[in-house]
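Here are my notes on the model you sent. They are set out as numbered points, to be read beside the coordinates.

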Amino acid sequence: MTEKASGITEPQPRGAVIRGNHPVDQSEAAGRFMAAPIHQKMHDARLWDLRQKRDAEMHIIPEWEDLRQLASDIKQHTLTHLDQYLEQFETNAKVNGIHVHWAKDGQEHNSIVLEILKKHGAKKLIKSKSMLTEECDFRHSMAENGISVIETDLGERIQQLDGEMPSHVVVPAVHKLRSDVAQVFSKTLGTDPDNDDVHYLTEQQRETTRPLILDADAGMTGCNFAVAETGTVVVCTNEGNADLSANTPPLHIVSMGIEKVIPRLDDLPVFVRMLSRSALGSPITQYTSHFRGPRKGGEMHIVLVDNGRTTRLGMEKFWTSLKCIRCGACMNTCPVFRRSGGLSYGATYAGPIGLILDPTFNKHKYRNLPFASTMNGSCTNVCPVKINIHEQIADWRKELASVGEIPFAKKAMMKAAGEILASPKLYRAGLPLANSTLRHLPRFMLYNRLNTWGRGREMPHAPRETFHQWYARNRAGKKKDVSE
Amino acid sequence: MSSRDAIFEAIRRNRPAGDFPHPVVPLFDDAPPQDLRPQFIQTLQRMGGKLSEPRNGDPFADLKDMQAQNPGKILSVVPEFQGDTSLEDNTLPADLADVEIGVVRAAFGVAETGSVCFTDRLLKINTLGYLPQHLFVLLDPAKIVFNLHNAYKQPEFREGHYAVFHTGPSATADIEGVLIRGAQGVRSLNVIFMPG
């Protein structure tokens, strides 16, 4: 390769503006992402490519739909017997020599980990990607306590060095161009700012991270699945960084959400077969690692975290969102996510799954998110554990309306629409006028700031007559012939 | 109340209504091919792994070539091949950082995914699977199973403290989807068929 610089200089659009508990304005941030065409185009194409690779994998597994049903059934069984399987998991993990801890929330998770690190005099922690530690705001909490935390996954490391949250559960820096990464690395790792060759950037991260891995006092991983029957923690990665984090330092700490447990080893292949196929369209992750106990001379801890999960379990319409295995397929397929970028959601979880998880953490702050959907149902169709995501999005809209968490403009519009839709007479009277108006309005009146629907897409063509008008003209006299 | 008790109390209080039985998971292995090697090799190569075939009757010809091109330590934990460095009682996991080539035997392979399975017993020190630049893997072709359902029936997942599927070398596509083989772990994974 002779050309080292792509020559692209479009600045990276940043994520949603966070103002305390103020509702996050997803569409404002999405608008800025859409105003950066090079970023938006790459993001859209990259995620759609993942969706297509997922489809290709799905088509070569004849039992794909059976696996989805099994995965859903296993998860629903486990979630309705969660106490039983967590107890079994804890017992077996302890028998194997693992220390087991329980945390009600993120704060307690962080203090338990801090306590373990202090006991070992550990100051340098290397870790692999974990959405749970994002929920817990783990890195900030450790920094306040003098613990240095190094993310070892390339995408997560880019985001750490840039002071951003991950924008996607599987590919954390997917919203960034290579030129953005080159800038981040040149400022933080001292790399050549003019070289944005992907091989060069990846190699620089590998070479600068390796000494930190070798020098670490402790390692932390997340947990994709936990097998109750054997007390096993399963971690799926592609870079080998989770295995380095767990196996190099003498201390291994696992952060695990309580919903990750599954009953038996026989259940595990159902999920392992679908996880990477759904996420990246590859048959399996490069590494699927099974930790059943500390290695010789080492120590292993598991911190089991609730952080709102037991509350979600009690929500009649939303408890099945706990089936989620964090594959990101719903994000890759979502037209809103692909065009607006994960950081526009301003929350730990972005995309369709985020729309139904984030309000369980904070209804007010994330009240706009369930409206960031076209309701096309594609998320539900690709979900490997059959979560009815788009139906739950609709249910969240109802729920937010019932507790008064609907923005004023949306409320006024829905009230007017409700009155018209509730009366056939008003509706039929209004429709020809509306159609005619739509055809004749000047563009600036349709495509303005108030019509969020019209941003980035054309309104559909309004027909010249309504179905009722057409019927009256063509079929009115023949009604009796048809019915008798 | 301890956090543990509080979590269990909340789980029992919020248990969703309804009967959700535990399904039986079939093995989905009705018609496996007689010879599982072709599928294993095809998927291994798709995932970036290499099949290292014997040349002039020498099964380790590729390994020796790589050694010539990449001078550095070779650590073998299999009796079939003699490395130039060995593990001591006090060898630490991080000590393997300067190993160029690791040689290890897999417990079994999986045709569906092109994976090989290692355990803590086979690796001796777990970082042998990750810190060397390149890995050579001995696999008994008779020990390839058809799919992951069959794989999880193997005893390795009920013994020892560590078992792992390696499927090709470490990889990342975190920057604009450009696939790079050799992320944080090994840069190449080479499988040698050898009964054992």
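1. Two strands pair if DSSP finds at least two bridges between them. Helices (H or I, at least four residues) and strands (E, at least two) are DSSP runs, numbered from the N terminus. With these terms, Phe291(A) has Tyr162(B) as its bridge partner in β8(B). The model is predicted: local features need pLDDT of at least 70 and side-chain atom pairs count only at pLDDT 80 or more, while totals for chains, interfaces and linings use all residues. Residues are numbered from 1 along each chain as its sequence is written, and chains are lettered from A and ligands numbered from 1 in the order in which they are written.

2. Which strand of chain A pairs with β8(B)? Strand β9 of chain A, residues 287-291, does, in the antiparallel sense and over 5 bridges. Besides the Phe291(A) to Tyr162(B) bridge, Tyr287(A) has His166(B) as its bridge partner.

3. Within chain B, strand β5 (residues 115-119) runs antiparallel to β8(B) and is joined to it by 4 bridges. Thr119(B) has Ala163(B) as its bridge partner, and Phe118(B) stands opposite Val164(B).

4. These strands belong to an open sheet of 8 strands with mixed pairing, in the order β8(A)-β5(A)-β6(A)-β9(A)-β8(B)-β5(B)-β4(B)-β7(B). The edges are β8 (261-262) of chain A and β7 (144-145) of chain B; each has a single partner strand, so one side of each lacks a neighbour in the sheet.

5. Is β8(B) mostly covered or mostly open? Strand β8(B), residues 162-166, is mostly covered, with 5 of its 5 residues buried. A residue is buried if 20 or more other C-beta atoms lie within 10 Å of its own, exposed if 12 or fewer, and partly exposed in between, with C-beta atoms placed from the backbone. Tyr162(B), Val164(B) and His166(B) point one way from the strand, and Ala163(B) and Phe165(B) point the other way.

6. On the contact between the chains: chain A gives 70 residues and chain B gives 57. Two residues are in contact if their C-beta atoms, placed from the backbone, lie within 7 Å. On the side of chain B that touches chain A, α1 (3-13), α5 (148-151), β8 and β9 (171-172) of chain B each supply at least two residues.

7. Helix α12 of chain A (residues 268-279) has 12 residues and reaches 17 Å from its first C-alpha to its last, close to the 16 Å expected. The expected span is 1.5 Å times one less than the number of residues. All 12 of the 12 residues are buried, so α12(A) is largely enclosed by the rest of the structure; among them are Arg273(A) and Arg277(A). Just after the helix, Gly281(A) takes a positive phi of about 75 degrees.

8. Helix α10 of chain A (residues 198-215) has 18 residues and reaches 26 Å, close to the 26 Å expected. A kink of about 25 degrees lies at Thr209(A), shortly before the proline Pro211(A). The bend at a residue is the angle between axes fitted to the seven residues ending there and the seven starting there. The buried residues of α10(A) include Leu201(A), Gln205(A), Arg206(A) and Thr209(A).

9. Pro166(A) lies in the loop between α8 (154-161) and α9 (178-188) of chain A. Pro166(A) counts as buried because it has 26 C-beta neighbours inside 10 Å. Leaving aside neighbours within four places in sequence, its contacts are Glu134(A), Glu156(A), Gln159(A) and Pro172(A). Thr348(A) is 182 residues away in sequence, yet 8.0 Å away in space, C-alpha to C-alpha.

10. Two loop residues other than glycine have a positive phi. Arg326(A), with phi near 60 degrees, sits between α13 (309-313) and α14 (329-333) of chain A and is partly exposed, with 19 other C-beta atoms within 10 Å. Asn56(B), with phi near 50 degrees, sits between β1 (50-51) and α3 (61-69) of chain B and counts as exposed, with 5 C-beta neighbours inside 10 Å.
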